[in-house]
Amino acid sequence: MRRQHLALAVVALAGAAAIPWGMDDYALGVVTIGFYYAVLAASWNLLAGYTGQFSLAQQGFAALGAYATGLSIRDLGVPIWLGILLAAAVSCGMGLALGLLTLRLRAIYLAITTWGFAETVHITLTAGYQVTRGELGLSVPTLLGNLDPLSYYYVFLGLLAVSLAVLYLVCHSRIGQFLRAIRDDELRAASLGIDTTRWKLFVFALSSLLTGLAGACYAHYVAVIGPDMADFSELAKIVVMVVIGGMGTFAGPVLGALLVQLLTSYLGQFGAWDNVLFALVVIVLMRTYREGLVALGRRLWRRLMAWMHPRVEVAARG
Amino acid sequence: MSSEALLAVEGVSKRFGGLVANQDVTLRLERGEIRGLIGPNGAGKTTLINLISGEESPSAGEVRLEGRSLLGIPPFQRARRGLLRTFQVPRLFGTMTVRENLLLPYLALGGRDRRAGRRRSDELLERSGLARLAEEPARHLSGGQQALLQLVAGFMCDGLRCYLLDEPFAGVNPLIKETMIDLIRDHNRRWSTVFLIVSHEMPVIRELCSRVTVLAAGRVLFEGTMEEVARSREVVDAYLGREWTP
């Protein structure tokens, strides 16, 4: 099983590394942003999909990361790499704090509280314009000192690969089993010796850390950031990506993020209507096929294999 | 008392606002004992289980395991000390397979050797008759099978000292009930594990338990063997009904 996963990861990484040949700058930019959203979607999936903590604050942590590096570079004069590290630390710390604050909250109460947190970040960034420059936007130096799309493509591919490797190790270890147990039945998990408090905090911290890191890299890519990074529509996008790809599956959020990002970029002419379109897709998926594209793909694959090797199927049943 | 009981409940009371669920309950279970806990609905049996397992904390009194107080110890740490429980309505990890439901407590309680865990789960799957369902998600099981799996999961724990079972046989068919009784008895014999079993099923309690405690209106009404219980006027009046015979 693990060897298969490793092989799949190598093929995917090699494919992604080779793809830029023959892509124009616009397409490179689209996929690069797709990688950014994939990190956000995958880390939200760790919280909501694997652990059942339906937090609505992910966009807040991306913005915190972006502003942490931007402000520390402008006001403290730290180098970019240190700004990014600070961003990861700030988001991780805030994630831990939010986790502590919401420890005893379930379901809708957790959702409302975390949403409140993200809105607070949004409003603070807007209203604190003396510091953040508000809607005018904060200028941030670019990571590589240039705007070469190909370089940033590889930076974000690397970021995604590292994030996924960390998430994979967590989800496929003992810890991953504990997280699923907490999602399925927290009371039962505790009664069998799982320190539910500790693992929930761990998940909040890790998911915020990765998101803050991605937000910081994003800031150094787009060079001007605004409070709209913490807008609720950003979270909606992340949720749509995860749901379409397959919540609680490992590959789902990545596939969903890339697919949605490609579609929104190339369906751009519909303007705000693409949001309506995605909302409809989500409603239909939740009603009919809650496991998303990954599960659908798995089922089709099994059908295909059964059709190609009818005997194997019979043998497996017997 | 010459030696400390394995599980000691000392003068425990629990009030929910004006409602008194448990009043000055004292219980002492010796190593290797299987104790029945019976009483009418609303007698405070489940509350007592919750107080022992740590889901609720007592308004007064204390619970001790092997002489150590459990005051302020959260449920997950009680589990690590070998105190496990089941729930009246079976609680399982629904999206996990039957086997994963067994491996989880093994991992959670410090089991490191995956191969040993797998061997243990194989053995328990075989003995509980759940082997052919090993790769099914637990939510697909019937009610009786879920109750069985919930019970068996506790046996994955190496250091199980005391197992609290809240209505383990409710709605379970006779065949599975037999399996459960065998497993409980076997584990008790092999490891001297203490069991505290809440049940309304008198024949099963009779078969399994050397002593029973009768709870009524939150208090201990009686404690003794099943025969003594049946002879006690008080208990028969309060709970068993006049026409009941042992």
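Chain B carries an open sheet of six strands, ordered 6-7-8-3-9-10, with mixed pairing. Strands pair here if DSSP finds at least two bridges between them, and helices (H or I, at least four residues) and strands (E, at least two) are DSSP runs numbered from the N terminus. Strand 6 (83-85) and strand 10 (219-224) of chain B sit at the edges with a single partner strand each, so one side of each has no neighbour in the sheet. On average, neighbouring strands of this sheet are turned by 20° against each other, direction ignored; the axes behind that angle are lines fitted to C-alpha atoms.

A quick word on what you're looking at: this is a predicted model, where local features need pLDDT of at least 70 and side-chain atom pairs count only at pLDDT 80 or more, while totals for chains, interfaces and linings use all residues. Residues are numbered from 1 along each chain as its sequence is written, and chains are lettered from A and ligands numbered from 1 in the order in which they are written.

Back in the sheet, strand 3 (residues 34-38) and strand 8 (residues 194-198) of chain B pair in the parallel sense over four bridges. G36(B) stands opposite I197(B) of strand 8.

Where the chains meet, 18 residues come from chain B and 16 residues from chain A, with contact meaning C-beta atoms within 7 Å. Helix 2 (75-80), strand 6 and helix 3 (98-108) of chain B each supply at least two residues to that side.

As for confidence, pLDDT runs from 0 to 100 per residue, and the model scores ipTM 0.91 and pTM 0.88. Chain B averages a pLDDT of 91, and 95% of its residues score at least 70.

| Element of chain B | Mean pLDDT |
|---|---|
| Helix 9 (residues 233-240), lowest | 70 |
| Strand 7 (residues 162-166), highest | 97 |

Definitions and conventions
Axes are lines fitted to C-alpha atoms, for helices over the stretch in contact, and angles run from 0 to 180 degrees between N-to-C directions. pLDDT is the predictor's confidence in each residue, from 0 to 100. Two residues are in contact if their C-beta atoms, placed from the backbone, lie within 7 Å.
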